[in-house]
Each structure stands twice: as C-alpha cells, then as structure tokens.
Amino acid sequence: MASFMSEFERIIKTGEINSDTLSQILSLDEDQQQAMIERLAPAPDNVAYDILSFLMNTMGPTHPLRPRLYQLTMDRAHINFKFSMILINHTNPDHPGPITHLIKHILSKETDKALLKEIFRAAGRLGMEFLVDDLAEFVFYDDSELRREAVTAMERIGTNKALHRLEKIAQTDKCDSDILDALTFLKGKEKTRPASQPREKAKPSQLPQLSRQSKPAKSAPPCQPPEDPNVRLLVSPIIEDRLKAFDYFGDKGPEVAHALHDNLENQTPDLLENLLRLVARTIPQESLGDLLTLTEEKDLKNSVRFFLYTALSHYPEFESTAPIVKAVTDPAVFVSIAAIRALDRHCSDYIIAEIRKKIESGTKVGETVATTILDTCAPRLIEGLMASDTFSYISSNYLESSAPVRTIDTWISILEKRKQTATAKKFARIRDKRTQIDRPVIVVIHQSAPYLDLFSSLIHGCGFCARTFFGPQEAFEFILSEKPLAIITDFFIRQMRVNDLAREIRELYPADQVPLMVSSLQQHLDKSNLSSMLQTCGINGFWEFPPKPGRIKSLAGGNSQDLLGKDLITPAQNTQNDC
C-alpha cells in the first residue's frame, strides 16, 4: 500500500502516467481506493484528466469503483468542460441520463471550437439523438466549420428526428450543399428501409431564424413585468396577491418550470427569487437545466443565490453540485448555509476534497467554513471531512466550547454510526451539561432548512434556545406545552398563510406576551398595506432576512421599535385579531 501510494502521488505531481501503477487501482480494497480518491480529487486538471481517462477506459462497467470515478469526472466536467468527453465516451447514448443537462448546457455556453467539434463528432459517432435540437442551432451560426460539423453529426445520427430537422432547415436561407447532401443520403437510406420498419412521424418544432457570428454575450434586459397574470402576482406590491400566486402554483410543477425558463433573464425585482422558491416546493425535473445555467451566472444577487441553492437541496437527484462549492466561503452567511445544504444532499469525493482544501488552508475563512458546516448539521459533509485532522481539531474545540446542542447531537450521531462509542459518550456529557443551562426559547417555523439553520445559529449566538419546526402542526404541539419567548416565521409556510398561523397563536397568547415576527426575503412591498395586514392579524412586526442580531436580542426586552425593524413604524394591536 505504501509503495503504491508513493508512486501514485508521484504520478499526480509529475503528470507522467505509469500504466502499471494505475492498473493496480482496479484491485485495491475499499480503504485503499478511498485513499487513492482523496489524492485524485484535488489533482490538477491536466493530470486528473489523463488518470480518469485511463481508468474509465480500463475498468469494466460493473467495476465497484466505476460509479465514484464517473461522479468525480462529472463534478470535474461542470468546472472544466473538457472532462465531458470522458463522460460522453462512457455513457449509453440511448440512456444518457445524468449527462443530458450537462452536455446541453455546455453547447449553450462553450466557445472553444475544438471542444465543440469533438462533442459534435462524438454525438454523430454514438448516435446521440437527444442532442439533435442543440446541433441544429449551430447550423444558424455563421461559423462555417461548426455548421459543417453540426450537419455531419445530424447526418450520422440519422434518426427520424435528425432527418425532420434537416428538412426544416432546408426550407430556410441556411440551406446549402452540405444540408442537401445529408438529406439525399438519409432519404436514400429511408428508401432501403424494410416496409416493416416505417419511419415514425417526428414532432414538429420551431428553429430560430438567426444568423450570428458566434454565441453572443447575454445583455441584461431591462426590468419588465411577466406576461402571465399569475406570474405577475408574484411581484405585486400587495402581499395578499403574492400569497395568492403561491397558492396557485403550489402544486403546478410544469407551470413553475415554464415560468422560470421564460423569466431567467427578467430583472423584475423579486421575480426570480419567488420562482425559485416555488421550484423548491414543486421540484420540477424540467427545471434542472435552468438551475444549472443559474449556477454558472456571475453577479447574481444574494437573495437569488439563496433560493437557487435551497431549490437544489430539495432535489433527490442532481448530476453535480460542483459549480456551487465556492459558495461555502461566501461572506453572506445565509448564502453559505444554503450552499452547504445543497452540497450535503449531493455530496461526492470532489466536493469533500475541495472543501477540505479550504478548511486546511490555515486561514480564518477555513475555520469559519468548518464551524458553519457543523452548525448547518450537514452529516454527509461532516463524516467525509472527519478524515482531516484540521477539521477534527477545529470541530472538537468548537463543540467543547460554544456549539449549539443540535450541533453536538449531529456529531454524536455520526460517532455512534462509526462505532466510536467512547468519544460519543464524552460529547454526550458535554451536551447534557449544556442543556441544563436555562435559556428562553424562541420558536422558528419554516419549510426551508437553510432558513431554520441560520436562525438557529443567530438565536444561539444571542443567548437564547432555538426550537425549529418545518411545519405549523409540530410547532403548535410544542407551543401548547411550553410558552416561548417569541415566534418567528415567514409569510407562507407549508400550505398555511401567516395570517392563519397568527390567528391560531393569538388564541393561545396575546401579542404583548409572545411576539410573532415575520422575517422574509419578500421585498418591494407596499408598506402601508403590509403594516395594515400585520396589525389586523396581531403580528408584531416585519424583519428583513436575515435580521441583525440586535433584532433578536430585542425580543427579551420587548422594545416595540426594535421588534418592528426599519420598514414599519406602528406596533401590532394586542386586543383585536380580525383575520
């Protein structure tokens, strides 16, 4: 093992491939494979490309190590598009599965002609029919080389869909000898097709009538209201209108996906954030490509990134979270927490290696990343990072000194899973001692885990105890048994509006005894309308999200001006609840 790892590290360092050494990987035991991947994951791109190419070409499709190396290649391909060629060459073209969104995304973004031509040729060689529409778009570009390669690829794919697309293009001003030759060839094949195999009718579709030198850079469109009246409600200044839109789209995944696709570049304030919030609720598979596109966008607002990463964390399967790994060091903590949640849901060797590098950097940022991951209670990331002495050292110090109880609970559960019973008992004693400290309880209700994670950390930092709930029913059971210091929520939680929630709470406790605060990223609301709604429902005030710690600390003193925040100036009425 030692001699193999020494030689493997030399290969990574020098980039000189040793086939005999790499072939040994296929027969390593599980612990040795893990050690190898830990070194390969952060390797430079040029070295990693050669090693992954060799291993994927050498091992069979049923080799137990293949899924992990395939995922490592997938993660790399989202950062460096060149790695996509390894995936293309090792994917069943009839069932492309996880690479579909990636390759389509690359074709819409890549400007390297050499790589594009490689993808075109592979698509033709492997008969990748799912790329026909994307290839057809390149025929409308003025780059003659790419046009010729795209037509050739469609000819080699040779399916009914490819033939139909070429026939459509032949009716435009882009028709040339290459297209006519391809049609002649494919129609000749069609005539020789046995009668028992008739050509199925292809679905009609519309091609863009464009002529361009190269893929144009996106220009930011002006703010403009969406056309769909239900989508327009999402940006209404009246909060009741927005709640109606959330009700309408709550179970309509395809409609949400369509609205997101149509408004990806629409800069109307609040629109993209609310559409992404609906994506997190409905989880439409059709939106995965658009979410991938957004992860590549620069200069997105923090609120958009928060909802983007939150949406990704709700998908049970997603090809790669590699493009968002950089967000774990984001100075906006709520963005970092949302990214960590998504990374934990879709963890991989590459993700662990990249985060480990940040933690082991020896900087304050690395320590912050480690403690944020702990407070986010991300079990897969935590367990994967335990192999790092630096992470274990930072974690131990933090858990023993000031970590919240729920953070210690997560650590204990991982230790017990790893059969580290003695160490688990040590931290159980720390937890039990910390739970004996009497702290006022603040209840937080929200369906978003990152929202709850952030408030849990803020509340603990302010000297209170946080009790977090995903839905109102579980929260009510607790509130009935124990009077909290305050309750924090958003305008809309688990199919219940905040006014309905407020009515239920005010039947138990008046507003002067248990403040109910709304903290939300909903912005650009009519202040007079919002103030009226909050007063009518017995809601004490509105906070921006995330609120400043001073807002939370004010809950203990009941300072009405601090409770209300900067936008509202009239306290809630304590005696009349008309909602």
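Modeller: Gladly! Let's begin with strands: two strands pair if DSSP finds at least two bridges between them. Keep in mind that this is a predicted model. In it, strand E1 (residues 441-445) and strand E2 (residues 465-469) pair in the parallel sense over five bridges.

Colleague: Which helix does the chain pass through on its way from E1 to E2?

Modeller: The link is helix H26 (residues 449-461), and this β-α-β crossover is right-handed. To see the handedness, point the strands away from you: the path from the first strand over the helix to the second then runs clockwise.

Colleague: How many helices and strands does the protein have?

Modeller: There are 31 helices and seven strands. The C-alpha atoms fill a box of roughly 85 × 65 × 45 Å along the principal axes.

Colleague: Let's look at another strand. Are the residues of strand E6 buried or exposed?

Modeller: Here is the general idea: in a regular strand, side chains alternate between the two faces of the sheet. Strand E6 (residues 516-520) has five of its five residues buried.

Colleague: Which strands pair with E6?

Modeller: Strand E3 (residues 486-489) pairs with E6 in the parallel sense over three bridges, and Ile-488 stands opposite Met-517 there. E6 is also joined by four bridges to strand E7 (residues 541-544), again running parallel. In that pairing, Val-518 stands opposite Phe-542. From E6 the chain crosses through helix H29 (residues 527-537) to E7, and this β-α-β crossover is right-handed.

Colleague: How should I read a nonpolar core, and which residues have the most contacts inside it?

Modeller: Think of buried nonpolar residues joined through their side chains. The largest such core here has 191 residues, and those with the most contacts inside it are Phe-8, Leu-40, Ile-355, Leu-381, Ile-488, Phe-491 and Ile-552. Helix H19 (residues 333-345) gives the largest share of this core, eight residues. Take Ile-355 as an example: beyond its neighbours within four places in sequence, its contacts include Val-325, Leu-343, Leu-381 and Leu-385. Across the whole protein, buried residues make up 53% of the 579 residues.

Colleague: Can we zoom in on a single residue? Why does Thr-282 count as buried?

Modeller: Buried means under 20% relative accessible area. Thr-282 has 18% relative accessibility, so it counts as buried. Thr-282 belongs to helix H16 (residues 271-282), and its side chain reaches the backbone oxygen of Leu-278 at 2.9 Å. Leaving aside neighbours within four places in sequence, Thr-282 also touches residues including Phe-249, Asp-251, Lys-252 and Val-256.

Colleague: What does the pLDDT say about the protein?

Modeller: The idea is that pLDDT gives the predictor's confidence in each residue, from 0 to 100. The average here is 88, and 90% of the residues score at least 70. Over residues 198-220, however, the pLDDT is below 50, although the model has 47 contacts for this stretch beyond near neighbours in sequence. Residues 564-579 also stay under 50, with 46 contacts beyond four places in sequence.

Note on methods
Residues numbered from 1 in each chain as written. Predicted model: local features only at pLDDT ≥ 70, side-chain atom pairs only at ≥ 80, totals over all residues. Heavy atoms only, no water. Helix = DSSP H or I, 4+ residues; strand = E, 2+ residues; numbered from the N terminus. Buried < 20%, exposed > 50% of the residue type's maximum accessible area, 1.4 Å probe, protein only. Polar contact = N/O pair within 3.5 Å; in protein donor to acceptor, adjacent residues only side chain to side chain. Contact = heavy atoms within 4.5 Å. Core = buried A, V, L, I, M, F, W, Y, C linked by side-chain atoms within 4.5 Å.
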